[in-house]
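Work through the exercises below with the coordinates open. Each task is followed by a stepwise solution.

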Amino acid sequence: GIFLFLSLFVLPMAYGGGKYFTWFDSPSKARVRLDVTTGQVLKEVTVGNWQSGEQIQLPPDLASFLPPTLSNHYFFGEDFNKIILTVDGTGQVYALDLLTKQLTRMDRTFYSGYNFGATLFERNGIIYSVGGVGFWAYSQAITYFDQKSAEWQAVRPKTQGPASIFDGYQGYSESADKFFTGGSEIGKFLENVPLDISKEVYAYDFKTNSWELLGEINPLLFEDSDRELAWNGQVFIQFSREKVYLIDPVKNTVFVYKSNKEQFQGGEYRFVSGDVVYCYWNLDNGPVSKLSIKDIYAKASYLGPFYAPKSYGLYYVFGGLIIIVFAGILYYAKRRKQEKYLSFDAQETAFLKALMALDAENYLSTVEVNELLGLSGKTLENQRRIRLNTISQLNQKIQLFFQIEKAIERHISPEDKRLTRYSLNSAALKALKSRF
């Protein structure tokens, strides 16, 4: 096959004056990028120090066909001198040959824009794209790039899959020949209807051409609102501040390592190369950190399953007897769990207190929420994602303890429909004031 290696979660974003295709060169363990305006290849010899390399012949007017903000995936060929580059959300596919020093467009895509943030992977020498978002709607499409026709073709599954395949846990397992998806962003893009996170896990089986609902995600994985994910082809690596989770969707296991001395954060840009995840905090320089999955496994402890069927009776033959015998224990555990859900970290507390301090008919703006949650220094996409996760988790905690739904409400500004404002509903305001 042409494609032998895939690195997911490659999200280079162009800032300032330059546009670049970016990839991670595994042999040298370094970032490499191609300036799509000048054709110059640049290699990061040390963190933040870029050295000029080959001069590539570009297709005519290449920059005019690319979006203002360039994000790409990449696939290596038979060696690291031949690279397939795809442009996020556009369907554009390019072949880069570092030996002949040429960049060639491979596709004839005309319609685009429906699948920004889609998950791309290689299977049997063919590039697949699953899900994404665009035109204010979520895509459930599974497509593949047909090199003969130079077009993207659709796969038509036999069964219905998830409503959204965007963000969250997304990855193709070669050993199982399945695509796993869960924890996706969901919403209807309606006024005063907030976005949420799906708690379901699905698997698409290429052998049977069918989707299967596997179950619901372990709620412990949603305890931390600041979640950053990577996928190495076998496990999801979830960075959650002082904890890092290793999630195997095939074996249905979750291992966790917690440290009081280390902070596990995935940075703005993550590259996966074999056993190691490289995390960068800036497109042009550092700092950079790396994490060995093998080393984390050696120190991690088993947390539980990644997902569980909605019908727990499938697990127990004598479920009814067990529930009766341990009813008191389960009730006590439920109350303790509710108390746990009502705990808030410092940023969540500051956010809730700011909401409680609002006068009637007043709201917090998106900028104010970002400042309270410490998101001002992050990219707009990460601000949106973490803000969404935090509000979703707070609403879940308040609902579990007080039985109040959608405590934190989202409002569209009547002066400017593009702006979003936040407040507490009256029932939540009264309940929280009694606790603080």
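**Exercise 1: charge over a ring**

Arg 33 lies over the face of Trp 50, 3.9 Å from the ring centre. The model is predicted: local features need pLDDT of at least 70, side-chain atom pairs count only at pLDDT 80 or more, and totals for chains, interfaces and linings use all residues. Residues are numbered from 1 along each chain as its sequence is written, and side-chain values use heavy atoms, with hydrogens and water left out.

Task: find the ring under the charged end of Arg 105.

Solution. Apply the criterion: NZ of Lys or CZ of Arg within 6 Å of the ring centre and within 35 degrees of the ring normal. The ring is that of Phe 65, with its centre 6.0 Å away.

**Exercise 2: ring geometry**

Task: classify the pair Phe 306 and Tyr 307.

Solution. 
1. Rings of Phe, Tyr and Trp (its six-membered ring) pair if their centres lie within 6.5 Å; planes under 30 degrees apart are stacked, over 60 edge-to-face, the rest tilted.
2. The whole structure has 28 aromatic pairs.
3. For Phe 306 and Tyr 307, the centres are 5.9 Å apart and the planes are at 70°, so the pair is edge-to-face.
4. Now burial: buried means under 20% relative accessible area, exposed over 50%, partly exposed in between (1.4 Å probe, protein chains only).
5. Phe 306 is at 1% relative accessibility, so it counts as buried.
6. Tyr 307 has a relative accessible area of 12%, so it is buried.
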